[in-house]
Amino acid sequence: MYFTPPLARLIEEFQKFPGVGPKSAQRMAFFVLNMSTQDVANLSRVLVDAKDKVKHCSNCFHLSANDPCEICTNDKRDIKTICVVADSRDVISLEKTLEYRGSYHVLNGLISPLEGRGPEQLRVRELLQRTGSQEPKEIILAINPTIEGDATVLYLSSLLKPLSIKITRIAFGLPVGSDLEFADEVTLTRALEGRREV
């Protein structure tokens with residue numbers, strides 16, 4: 001199918017988004033072309049603004065326009081409990097439960113040898129530094145129950161156990177192979193409540 005070059009490039013860019021195939025990319029491209037020039041300009045400004053301003057918090061590595069982030073600077077949070085997650089989407093999912101009031105540590109991925117990602121590509125060193133300075137009472141591993149997640153949990157628990165810190169993993173109220181971001185609040189609340197020591 002022939003598309004004029006500017007439209008073809010727009011479709012190609014939309015196809016770079018996760019889960020967006022050729023048909024969805026075409027629908028999105030035609031939707032943008034039907035938007036007003038002002039709405040397209042606003043969209044482009046919002047994209048550039050988000051890319052320029054949203055960075056990783058230097059303490060927990062959650063995405064935020066502030067450094068340290070809003071969670072790290074909240075004095076009502078319990079810094080003696082650290083919930084370790086794979087990425088910022090998991091922080092948002094857990095925050096929606098309104099149950100967890102501790103701090104977070106975002107690994108920015110999971111161990112995945114097939115994708116060439118080992119512990120050195122994750123924020124593991126920073127987690128160990130935090131445990132030394134914050135002296136937490138508990139570290140909750142809120143990691144997806146996948147092959148990569150289990151490998152990451154095994155690796156982290158081997159590093160953290162000698163530090164005499166209580167290490168727990170959220171309960172498997174989540175279906176095996178699913179992601180935290182797709183779980184509902186009730187399931188996540190039960191998973192947090194039913195966490196167990198590793």
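## A buried serine

At 8% relative accessibility, S88 counts as buried, because anything under 20% falls in that class. Keep in mind that you're looking at a predicted model here. You'll find S88 in helix α4, which covers residues 88-96.

So what does S88 touch? Leaving aside residues up to four places away in sequence, its contacts are F61, H62, L63 and V106.

## A nonpolar patch on the surface

Now for the outside. L43, L47 and V48 form a nonpolar patch on the surface, and together they have about 270 Å² of accessible area.

Is L47 buried or exposed? It's exposed, because its relative accessible area is 54% and the cut-off for exposed is over 50%. L47 belongs to helix α3, residues 37-53.

## Out past β7

V198 sits in the segment after β7. With a relative accessible area of 28%, V198 is partly exposed. If you skip residues up to four places away in sequence, V198 touches L141, S157, K161, I167, T168 and R169.

D52 is another story: it's 146 residues from V198 along the chain, and their C-alpha atoms are separated by 39 Å.

## How confident is the prediction?

The protein chain has a mean pLDDT of 92, with 97% of its residues at 70 or more. Confidence is highest in strand β2 (residues 63-64), at 98, and lowest in strand β7 (residues 196-197), at a mean of 72.

Notes:
Residues numbered from 1 in each chain as written. Predicted model: local features only at pLDDT ≥ 70, side-chain atom pairs only at ≥ 80, totals over all residues. Heavy atoms only, no water. pLDDT = per-residue confidence, 0-100. Helix = DSSP H or I, 4+ residues; strand = E, 2+ residues; numbered from the N terminus. Patch = residues over 30% accessible without salt bridge, like charges linked within 9 Å, V, L, I, M, F, W, Y side chains within 5 Å. Areas by Shrake-Rupley, 256 points an atom, 1.4 Å probe, with all protein chains shown as cover. Salt bridge = Lys/Arg side-chain N within 4 Å of Asp/Glu carboxyl O. Buried < 20%, exposed > 50% of the residue type's maximum accessible area, 1.4 Å probe, protein only. Contact = heavy atoms within 4.5 Å.
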